[in-house]
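Subject: Structure for you to look at

Hello,

Here is the structure I promised to pass on. Please open it alongside these notes.

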Amino acid sequence: MTNGRRFVILSHDRSEASVLRRLVREAGVQVCGDLFDSDPSIRAEAAATVGLKPYCSGDDGAAYLSEFGTDDKEPAGFGLLYEHAARGPASTAWDFVRSRQDIPIVHLTSDDLLVTWLRAEIERRCGDTMNTRPTDTPSFEVDCERLAEFFDRVVAKRYWVRLVFQSHPFLEISYRQLVRDRSTMYRVLKHIGAGAGSTDVAPDWLVEIRAEQIMAQRVIANFDEVCAYFRHSPHDVYFRDRPADGQVAARAGFCPRPFESLGIDAQGKLRVCCEDWLTTPIGDIRSGGLAEQWNSQTAVAIRDSILDGSYRFCDSRQCPDLVKGTLPAFEALPKGFQRWVAEGRTVMSNLPATLSLGYDPTCNLKCPTCRSDFIVLKGEAFQRALAVHRSVVSELLPAARQAIVTGHGDAIASRIYREFLRNLDASKFPNLRIIVLSNGLNFDARMWETFSAAHSAIMGASISVDAATPETYKLNRGGSFEKLVGNLRFLGELRRSGKIDFLEISFVVQANNFAEMVDFIGLAREVGCSSILFMKLIRWPGTFSETEFANRAVQESDHPLHQEFLEFLQQPIFESSDVDLSNLSHLRTPGP
Amino acid sequence: MYGEVFQDELDARREGLGFPNEVFETGSDGASYLSNNIYEECAGDDELFAIGFKLFYMQAREPGARTAWRYLMHHRNLRIVHLTRDNLLEAFVSFVEARASGRWLSEVDKLLRGAPMHVDTDECLAFLDQIYSYRGWANQAFCQHQVFELSYERHLIADFGSAMTQVQKFLGVPPLRLPVLLRKQGTAPIETRVINFDEVRRALRHTIHAIK
Ligand code: SF4
């Protein structure tokens with residue numbers, strides 16, 4: 001199997017792998033069916049199509065596969081269902097495929113497991129194959145537990161396939177894509193090394209049995225019972241009303257974040273996006289290795305939701321990109337990333353490119369938007385955060401291109417981050433760019449000098465301010481405004497002199513400060529910032545009471561100052577290119 | 001803290017609730033029961049800092065009862081303690097042992113010594129896949145809630161005291177030192193508790209549940 005150009009089509013039972021194989025075959029590529037089917041006659045038939053002797057029960061699976069078309073110069077492949085070669089000596093077939101990381105894998109999945117299962121069930125009952133007419137099918141009762149078992153099995157195995165074949169040339173396609181999108185077959189042929197474009201990728205015989213054609217409601221005699229059984233279960237999704245073709249509210253653009261970013265918060269939760277707009281963690285620092293959890297079940301589900309356009313984990317009212325509609329178009333994504341998306345990969349073989357270090361929440365301030373008291377990690381808590389930090393530095397930092405220090409707390413007040421910046425030798429991480437997030441009160445020239453070995457890696461800083469006057473600063477932050485402005489001037493100088501590329505100041509908009517937004521822009525420009533970020537007030541756990549939040553949340557339509565705030569936002573200055581209204585953008589009517 | 005108020009068996013439900021609370025009637029509405037009997041009943045009680053109950057993924061799945069899930073998912077202010085097992089095979093074997101012995105819990109000072117069990121590999125795999133599937137679903141279904149992931153092995157077994165402190169902190173209740181009342185059923189290594197362990201290992205080999 002090492003000499004020829006081999007490929008494998010992996011799929012679950014009832015996934016219509018036979019349709020894909022037929023298409024591949026019609027493109028002139030040698031491919032056979034289920035060499036390890038439990039039925040010897042099917043095995044024999046499959047083997048005969050490629051001139052192979054059939055697999056005999058009890059033989060070693062790997063040894064059998066090693067005979068598969070070793071002399072061929074042309075691509076040749078076979079289908080392997082999740083359930084096949086699962087036990088006994090045959091199971092070494094899986095070891096064989098797993099260990100050959102040069103074998104291209106085509107992973108055929110189904111978007112709608114109910115339709116998949118039903119179609120096969122109808123086929124089984126009616127003996128009809130491609131052109132099943134569900135209208136002629138007598139209805140039948142469905143055993144919910146049996147169906148649930150099928151769903152569970154496929155879902156678990158699908159994840160396993162994505163994980164174990166992440167280092168193989170891997171292409172995941174769904175049956176739906178195969179029958180609806182002409183470019184899918186082209187991609188398959190390219191992937192397996194066959195001359196693409198030589199085939200009619202939508203032959204007449206390819207009839208799609210769509211969800212609505214199956215008419216599950218009519219075919220399943222106990223449909224209501226089945227629906228109710230699966231309500232609020234992992235498989236609920238197959239029973240909800242589905243939008244017809246073309247009505248799928250898929251979002252324009254792709255969010256690359258879950259594919260390239262990893263953050264670790266103060267609770268040890270691992271996240272692929274900011275907690276404020278994607279609340280679901282993908283893992284926990286205590287649950288295992290960082291690299292392993294980067295591809296956890298939840299991480300993969302989140303990436304799936306980006307690829308299918310549903311963005312179901314994302315809070316579209318909070319996420320700035322969703323509020324503003326500024327997700328990058330597929331074409332604007334870097335080439336490498338475009339490839340990942342085209343291959344349908346949700347398990348990443350690359351480690352995260354962007355790291356957000358948030359495990360030390362230490363800060364010299366206690367801003368009411370963030371915490372109700374000072375937090376300085378000490379003792380055991382400090383040691384725990386330090387251990388996390390060491391794992392991040394050893395496991396993830398070498399592969400990272402960007403590190404955000406810190407997502408929660410202050411990069412300068414934290415001993416862990418301060419020492420990290422002091423001891424980092426930028427020459428050892430030539431591709432790394434660091435963004436320092438701080439309240440700026442201690443980020444002065446002296447501090448900057450202590451980071452001298454890291455200077456070339458520090459790309460910029462983001463300073464949280466929330467005020468343009470000493471009085472409001474005292475209310476919202478509690479430090480010396482004068483000192484802050486002095487430090488901002490220093491950082492502005494660093495930017496002007498090209499020592500850092502980026503200097504941002506940020507402002508959480510509230511009832512007590514929105515009137516200072518214009519002055520804030522003035523201050524930012526005066527000190528030399530490159531960007532000014534305004535953000536919505538979010539009620540974090542352990543911060544405001546409900547009443548206090550309601551009093552401050554001027555972005556809410558029932559706030560007494562809301563109308564005034566909206567009018568304030570209409571000023572042309574907020575349209576400037578250096579101003580980012582992020583998740584408040586929707587409150588501003590765009591100018592003419 | 002109540003026990004399994006949606007347990008299949010009426011007696012077990014009664015036990016999970018304690019006298020004099022009204023037990024959930026089979027076939028009645030799960031959401032109303034939670035609203036009227038579990039949460040609301042105690043709304044005016046100043047002595048109570050928090051109230052909760054235990055629910056397995058597969059409980060409250062019958063007609064009527066199942067609206068309890070809708071209630072929980074819709075009430076985003078509820079805090080969820082999501083208790084998970086890292087070692088699902090261990091969980092399955094404990095389940096098989098408990099089923100065979102009829103004893104689902106054992107007290108700390110009562111050591112159990114059962115005979116090794118035979119594990120049906122198909123049943124085992126279906127169980128593991130089901131838990132895998134439901135665990136992923138729970139993460140998604142409650143992603144807008146405040147959730148505390150409590151690992152049986154890494155938290156409860158490794159350091160019960162600190163795990164309980166964290167849970168109490170999460171729930172916003174004054175911390176109390178809580179005694180360990182129950183111990184896990186099988187304390188011997190799983191290899192010695194399963195007669196056909198090698199067969200199980202082989203059956204799980206090319207799955208997400210492979211034994212490391
Ligand atoms: S919440 Fe926004 S930034 Fe985060 S993954 Fe979703 S779309 Fe991307």
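This is a predicted model: local features need pLDDT of at least 70, side-chain atom pairs count only at pLDDT 80 or more; totals for chains, interfaces and linings use all residues.

**The interface between the chains**

Chain A and chain B bury about 3,000 Å² between them. Carbon and sulfur atoms carry 48% of that area. The contact involves 35 residues of chain A and 33 residues of chain B. On the chain A side, the most area is lost to chain B by A:Arg87, A:His232 and A:Arg286, which together account for 23% of what that side buries.

As for polar links, there are 14 residue pairs in polar contact between chain A and chain B, with both residues at pLDDT 80 or more. The elements of chain A that give two or more residues to the side touching chain B are helix H4 (92–99), H6, H11 and helix H14 (297–307). H6(A) supplies the largest share of that side, with nine residues.

Two salt bridges are counted between chain A and chain B. A salt bridge joins B:Asp122 to A:Arg87, at 3.2 Å from N to O.

What does A:His232 touch, leaving aside residues up to four places away in sequence? The list is B:Arg61, B:Arg66, B:Trp69, B:Arg70, B:Met73 and B:Trp137. With a relative accessible area of 6%, A:His232 is buried.

**Chain B on its own**

Chain B has nine helices and four strands. Their order along the sequence is α-α-α-β-α-β-α-β-α-α-β-α-α. Of the 212 residues in chain B, 45% are buried. Among contacts in chain B with a separation of 6 or more, 70% are between residues 24 or more positions apart. The accessible surface of chain B is about 11,900 Å², and carbon and sulfur atoms make up 54% of it.

**Salt bridges within the chains**

Over all chains, the structure holds 36 salt bridges.

In chain A, A:Arg146 is paired with A:Glu121, and their closest N and O atoms are 4.0 Å apart. A:Arg146 is partly exposed at 43% relative accessible area, whereas A:Glu121 is buried at 0%.

Also in chain A, A:Asp580 forms a salt bridge with A:Lys324, with 3.0 Å between the closest N and O atoms. This pair links distant parts of the chain: A:Asp580 is in strand E15 (residues 579–580), A:Lys324 is in helix H15 (residues 320–324), and 256 residues separate them. Both ends are partly exposed, A:Asp580 with a relative accessibility of 27% and A:Lys324 with 30%.

In chain B, the side chains of B:Arg85 and B:Glu153 form a salt bridge at 3.6 Å, N to O. B:Arg85 is in the loop between strand E1 (79–84) and helix H4 (88–101) of chain B, and B:Glu153 is in helix H6 (residues 152–157) of chain B, so the pair connects parts 68 residues apart in sequence. B:Arg85 counts as buried, at 17% relative accessibility, and B:Glu153 as partly exposed, at 22%.

Finally, A:Asp13, A:Glu83 and A:Arg153 are joined into one network by salt bridges that share partners.

**Cysteines**

How many disulfides does the structure hold over all chains? The count is zero. For A:Cys32, the closest cysteine sulfur is that of A:Cys56, 15 Å away, which is too far for a bond. A:Cys32 is buried, with 0% relative accessibility. A:Cys319 is buried as well, at 11% relative accessibility.

Regards

Definitions and conventions: Residues are numbered from 1 along each chain as its sequence is written. Chains are lettered from A and ligands numbered from 1 in the order in which they are written. Side-chain values use heavy atoms; hydrogens and water are left out. Buried means under 20% relative accessible area, exposed over 50%, partly exposed in between (1.4 Å probe, protein chains only). Contact means heavy atoms within 4.5 Å. A disulfide is a pair of cysteine sulfur atoms within 2.5 Å. Accessible areas come from the Shrake-Rupley method with a 1.4 Å probe; for residues, only the protein chains shown count as cover. Buried area is the accessible area (1.4 Å probe) that two parts lose on being put together, summed over both. A polar contact is a pair of N or O atoms within 3.5 Å; within protein, one must be able to donate a hydrogen and the other to accept it, and residues adjacent in sequence count only if both atoms are side-chain atoms.
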